[in-house]
Amino acid sequence: MKREPLEVCEISVIHEDVLARVKEKMPNEEPVYEVSELFKVFGDSTRARIICALNIEEMCVCDLAALLGMSQSAISHQLRLLKVSRIVKSRKQGRVVYYSLDDAHIGQIFAMAFDHVMEEMEG
């Protein structure tokens, strides 16, 4: 990623009308914190690969481990973090546990982020 120099104001001026509009629409601190935590979970490349795979189809730990070339233990650890963060859910069928994205929003967020990155790479 190419680093552009940061542009800053040459004078200090407060635009009260802008501040008032933004303050009125800014969410409380708690949901902003929760969004920040969500992006932290997305911030690991192994978890991102798991999310990418589960955005295509539900999978068990064995299949994810084979797909990503990792141990089942390592995949289980990441799935545990994703489940606690309500990014994935599981269902048991017989002796096999299948994982999928918790809801469509997770896939949409991830797809939008992926689209953004691909657009940057092409541009």
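I looked at helix 4 (61-68) and found Ala-66 and Leu-67 exposed on its other side. Exposed means over 50% relative accessible area, buried under 20%, partly exposed in between (1.4 Å probe, protein chains only). Helices (H or I, at least four residues) and strands (E, at least two) are DSSP runs, numbered from the N terminus.

The model is predicted: local features need pLDDT of at least 70, side-chain atom pairs count only at pLDDT 80 or more, and totals for chains, interfaces and linings use all residues. Residues are numbered from 1 along each chain as its sequence is written, and side-chain values use heavy atoms, without hydrogens and water.

Next I listed the buried residues of helix 4: Val-61, Leu-64, Ala-65 and Leu-68. They fall within an arc of 100 degrees seen down the axis, so they line one face. The arc is that of the directions from the helix axis to the C-beta atoms. These residues pack against helix 3, strand 1 (59-60), helix 5 and strand 3. Just after helix 4, I noted a positive phi of about 65 degrees at Gly-69.

Then I checked Leu-79. Beyond its neighbours within four places in sequence, I found it in contact (heavy atoms within 4.5 Å) with Ile-50, Leu-54, Val-61, Leu-64, Val-88 and Tyr-99.

Last, the cysteines. I found zero disulfides, a disulfide being a pair of cysteine sulfur atoms within 2.5 Å. The sulfur of Cys-60 has its closest cysteine sulfur in Cys-62, at 4.5 Å, too far for a bond. Cys-60 is buried at 10% relative accessibility. Cys-9 is exposed, with a relative accessible area of 70%.
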